[in-house]
Amino acid sequence: MAPAQGWVRRYFKAFCKGFFVAVPVAVTFLDRVACVARVEGASMQPSLNPGGSQSSDVVLLNHWKVRNFEVQRGDIVSLV
């Protein structure tokens, strides 16, 4: 039984180290750099959702350009 507990303990320790590093990195990336969002409805037609309200598009929201004030004419801006 002892070797099995040692393996579980090592696995759990490695998982915790990876988890506590990966979660802050992922949250920082999603908050500061970019995130993925789904666009539904007719508000953005015909650029997005050309098939009507039955379909949805997936877009990458670039937070980096907005934070650096690099928004240009023709860009789509998403507000929450």
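Which residues form a nonpolar patch on the surface? In this predicted model, the patch consists of Trp7, Val8, Tyr11, Phe12, Phe15, Phe19, Phe20, Val23 and Val27. Together they have about 1000 Å² of accessible area.

Tyr11 sits in helix α1, which covers residues 2–32. Is Tyr11 buried or exposed? Its relative accessibility is 55%, and exposed means over 50%, so Tyr11 counts as exposed.

**The overall layout**

Stepping back, the protein contains two helices and two strands. Followed along the sequence, these elements come in the pattern α-β-β-α. The protein has 80 residues, and 8% of them count as buried.

**The largest pocket**

Now for the open space in the model. Rolling a probe the size of a water molecule over the atoms shows where empty space is left. The largest pocket has a volume of about 600 Å³. Its lining is made of 21 residues, and those closest to the pocket centre are Leu61, Asn62, Ile76, Val77 and Ser78. Which elements each supply at least two residues of this lining? They include strand β1 (34–40), strand β2 (56–62) and helix α2 (63–67). Sorted by class, the lining holds 13 nonpolar residues, three polar ones and five charged ones.

**Salt bridges**

Side chains of opposite charge can pair when their charged atoms come close. How many salt bridges does a search of the whole structure find? The search finds two, and here they are side by side.

| Salt bridge | Closest N to O |
|---|---|
| Arg32 with Asp31 | 3.7 Å |

How accessible are the partners? Take Arg32 and Asp31 to begin with. Arg32 has a relative accessibility of 41%, so it counts as partly exposed. Asp31, its salt-bridge partner, is partly exposed too, because its relative accessible area is 40%.

Glu70 counts as partly exposed because its relative accessibility is 36%. Lys65 has a relative accessible area of 39%, so Lys65 is partly exposed as well. The reasoning behind these labels is simple: partly exposed is what lies between buried, under 20%, and exposed, over 50%.

Methods. Residues are numbered from 1 along each chain as its sequence is written. This is a predicted model: local features need pLDDT of at least 70, side-chain atom pairs count only at pLDDT 80 or more; totals for chains, interfaces and linings use all residues. Side-chain values use heavy atoms; hydrogens and water are left out. Patches are made of residues with over 30% relative accessible area and no salt bridge: like charges are joined within 9 Å, nonpolar side chains (Val, Leu, Ile, Met, Phe, Trp, Tyr) within 5 Å. Accessible areas come from the Shrake-Rupley method with a 1.4 Å probe; for residues, only the protein chains shown count as cover. A salt bridge is a side-chain nitrogen of Lys or Arg within 4 Å of a carboxyl oxygen of Asp or Glu. Helices (H or I, at least four residues) and strands (E, at least two) are DSSP runs, numbered from the N terminus. Buried means under 20% relative accessible area, exposed over 50%, partly exposed in between (1.4 Å probe, protein chains only). On a 1 Å grid over the protein atoms alone, a cavity is a set of points where a 1.4 Å probe fits but cannot get out, and a pocket is an open set with protein on both sides within 12 Å along at least five of seven lines; lining residues have an atom within 4 Å of a point. Grid points are joined across faces, edges and corners, and a volume is the space filled by probe spheres set on the points. Ala, Val, Leu, Ile, Met, Phe, Trp, Tyr, Cys and Pro count as nonpolar, Asp, Glu, Lys and Arg as charged, and the others, Gly among them, as polar.
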